[in-house]
Amino acid sequence: KVADILFQRGDFDQALRIRQEEQLPVYERLGDTREAAITWGRVADILYQRGEYDEALRIYQEAQLPVYERLGDARSTAVTWGKIADILYQRGEYDEALRIRREEQLPVFERLGDIEGTASTKWGQAQIELTQQEYQSAADHLAEAFQILNRLQRPDGIAIVGATFGELLLAAGQLDAAKAVLETSLTAAQTIGSPRAVARISNLLSRVDSPSGPPDS
C-alpha cells in the first residue's frame with residue numbers, strides 16, 4: 001500500500017525501492033509466483049513512467065507473461081499484453097502494437113465478457129489508427145469505446161475518449177454528433193475535476209461552427 005501511494009504521488013524512486021528490496025525477495029523466497037509476477041509488473045509500471053521502456057518491456061515479457069500463461073490467467077495475460085502494446089506504441093512500432101490489440105487482447109476480453117477491458121483495448125486501437133491516419137477505423141473503435149464507457153458510467157474514460165472522438169467527428173464535419181459527444185465529455189471532465197480536460201473539450205466545442213481537417217493524433 002505504501003508503494004502504491006508513493007507511485008501515485010510520483011515518488012518513483014522510493015516506490016521502486018520498496019518493490020525491489022522489500023516485496024520481491026519475500027514473494028520469491030515463499031515461492032509465491034503470482035504475487036512475484038504482480039510485483040514485477042508494478043516495478044515495470046514504474047520504469048515505464050520513468051521512460052525506461054526497454055527494461056519495462058523485458059519485465060513484462062519475461063517476468064509476467066510466462067507466469068500468467070502458466071497459471072492460465074487469461075485476463076492478466078491480456079492486460080500484460082496491453083502494457084507491451086503501450087510501449088511498442090511509444091516506440092513507434094505501430095503494426096505490432098496494433099496486432100497485439102487485435103489478436104492478444106480483444107478476443108480474450110470479449111470471451112471473458114470484460115467490457116471495460118474491451119473498451120480500453122478499442123481505445124488503444126483507435127490511438128494507433130489515428131497515428132496511421134486510418135480515420136474511419138479509429139472512429140468505429142472510438143464510438144464503441146465511448147458507448148461502453150457511458151454504459152459503465154466511467155467519467156474519466158468518457159472525458160478522455162470522448163474528447164478525441166468528438167474532435168474526430170468535428171474534423172469529419174459531423175457537427176451535431178460532435179457536439180453531442182463533446183457535451184457529454186465536458187460534463188464528465190467537470191465531474192472528475194480535470195481543468196485540462198475541461199479546457200480541451202471547451203475549446204473543441206467552440207470550434208463546432210468552424211470545423212477544420214482531420215486531427216493530428
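What covers the buried residues of α2? The close-ups below, taken from a predicted model, start with that helix.

**View 1. Helix α2 and its cover.** The cover over the buried residues of α2 includes α1 (2-9) and α3 (33-49). Tucked under it are the buried residues themselves: Ala 15, Leu 16, Ile 18, Arg 19, Gln 23 and Leu 24.

**View 2. A bend in α2.** Helix α2 runs over residues 12-30, so count 19 residues here. From first C-alpha to last it reaches 26 Å, close to the 27 Å expected at 1.5 Å a residue. Look at Gln 23, where the helix bends by about 40°. Within four residues after that comes a proline, Pro 25.

**View 3. Helices α10 and α11 side by side.** Here's α10 (residues 175-192) with α11 (residues 195-206): their axes come within 9 Å and cross at roughly 160°. An angle over 145 degrees counts as roughly antiparallel, which is why α10 is described that way relative to α11. The crossing is left-handed. On the α10 side, the contact residues include Leu 182, Leu 186 and Ala 189, and on the α11 side they include Val 198, Ile 201 and Leu 205.

**View 4. Gln 125 in helix α7.** Zoom in on Gln 125, which sits in α7 (residues 115-131). Is this residue buried or exposed? Its relative accessible area is 2%, so Gln 125 is buried, the cut-off being under 20%. Leaving out residues up to four places away in sequence, Gln 125 touches Leu 98, Arg 101, Arg 102, Leu 106 and His 141. Ala 143 lies 18 residues away along the chain, and 12 Å separates its C-alpha from that of Gln 125.

Note on methods:
Residues are numbered from 1 along each chain as its sequence is written. This is a predicted model: local features need pLDDT of at least 70, side-chain atom pairs count only at pLDDT 80 or more; totals for chains, interfaces and linings use all residues. Side-chain values use heavy atoms; hydrogens and water are left out. Helices (H or I, at least four residues) and strands (E, at least two) are DSSP runs, numbered from the N terminus. The expected span of a helix is 1.5 Å times one less than its number of residues. The bend at a residue is the angle between axes fitted to the seven residues ending there and the seven starting there. Buried means under 20% relative accessible area, exposed over 50%, partly exposed in between (1.4 Å probe, protein chains only). Contact means heavy atoms within 4.5 Å. Axes are lines fitted to C-alpha atoms, for helices over the stretch in contact, and angles run from 0 to 180 degrees between N-to-C directions. Angles under 35 degrees count as roughly parallel, over 145 as roughly antiparallel, 65 to 115 as roughly perpendicular and the rest as oblique. A crossing is left-handed if the near helix is turned anticlockwise from the far one by less than a right angle, and right-handed if clockwise.
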